[in-house]
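Biologist: I have a model open and want to learn how to read it. Can we take the features one at a time?

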Amino acid sequence: MRSIVYPGTFDPVTNGHIDLIARAARLFDHVVVAVAEDSAKAPTFPVATRLEMLHGVTADYANVEITSFSGLLVEFARELGIPVIMRGLRAVSDFEYEFQLAGMNRRMAPDIETLFLTPAEQYAYISSSLVKEIARLGGDVSGFVAPSVYAALQERFR
């Protein structure tokens, strides 16, 4: 079975994330979407809420599993027996960081590969941090996230 891990904070999950999950679900037999518990970022939503959001937006994909992890991603992938990590690249600005991360992961775990996917063009500019900032300032982010995520953002920033 061909499996892949798609890690991230997903704070919140955006239409760009959903696009990548859908494309991975077509390419792989099993997609594990893994919410990072210990991130340097200060999350807006707790892990349980992010997991719930992801469950809601991926319910139509039978081969997608939603979970969380802590610690090193490569160790998590090894524990699951999954040899491929998927990372999304939106713009050239993402590339340098993702390239460094892939190199560090390869150094720690040469048996695990990193695969980069780019989102569809209409989602290339969407980021969770921009979505949160717009929502916090009262802007309309309904075109950037699923309706359930939009409702959660509205509730959070009321």
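Biologist: Which residues are exposed on the other side of α2?

Modeller: A48, E52 and G56 are exposed there. Exposed means over 50% relative accessible area, buried under 20%, and partly exposed in between, with a 1.4 Å probe and protein chains only. Helices (H or I, at least four residues) and strands (E, at least two) are DSSP runs, numbered from the N terminus. This is a predicted model: local features need pLDDT of at least 70, side-chain atom pairs count only at pLDDT 80 or more, and totals for chains, interfaces and linings use all residues. Residues are numbered from 1 along each chain as its sequence is written, and side-chain values use heavy atoms, with hydrogens and water left out.

Biologist: Which residues of α2 are buried?

Modeller: Start with the general idea. An α-helix has 3.6 residues a turn, so residues three or four places apart point the same way. In α2, residues 47-57, the buried ones are R50, L51, M53, L54 and V57. They cover an arc of only 160° around the axis, which puts them on the same side of α2. The arc is that of the directions from the helix axis to the C-beta atoms.

Biologist: What covers the buried residues of α2?

Modeller: The cover includes α1 (15-27), β2 (30-36), β3 (64-69) and α6 (147-156). Contact here means heavy atoms within 4.5 Å.

Biologist: Which residues of α3 are buried, and what do they pack against?

Modeller: Helix α3 spans residues 73-80, and L73, V74, F76 and A77 are its buried residues. Viewed down the axis of α3, they fall within an arc of 160°, so they line one face of the helix. They pack against β1 (3-8), β2, β3, β4 and α4. After α3 comes G81, with a positive phi near 75°.

Biologist: Now salt bridges. How many does a search of the whole structure find?

Modeller: The idea first. Side chains of opposite charge can pair when their charged atoms come close. The cut-off is a side-chain nitrogen of Lys or Arg within 4 Å of a carboxyl oxygen of Asp or Glu. The search of the whole structure finds 9. One of them joins the side chains of E75 and R78, at 3.2 Å, N to O. Both residues lie in α3, 3 residues apart, about one turn of the helix. E75 is partly exposed at 35% relative accessible area, and R78 is partly exposed at 34%.

Biologist: Where do R87 and E98 lie in the chain?

Modeller: Their side chains form a salt bridge at 2.7 Å, N to O. The pair links distant parts of the chain: R87 is in strand β4 and E98 in helix α4, 11 residues apart. R87 is buried at 17% relative accessible area, and E98 is buried at 7%.

Biologist: What about R90 and D94: buried or partly exposed?

Modeller: R90 is partly exposed, at 37% relative accessible area. D94 counts as buried, at 15%. Their side chains meet in a salt bridge of 3.2 Å, N to O. Elsewhere, salt bridges that share partners join E75, R78 and D111 into one network.

Biologist: Last, strands. How many bridges join β4 to β5?

Modeller: Two strands pair if DSSP finds at least two bridges between them. Here 5 bridges join β4 (residues 84-88) to β5 (residues 113-117), and the strands run parallel. The chain crosses from β4 through helix α4 (residues 92-108) to β5, a right-handed β-α-β crossover. Right-handed means that, with the strands pointing away from the viewer, the path from the first strand over the helix to the second runs clockwise.
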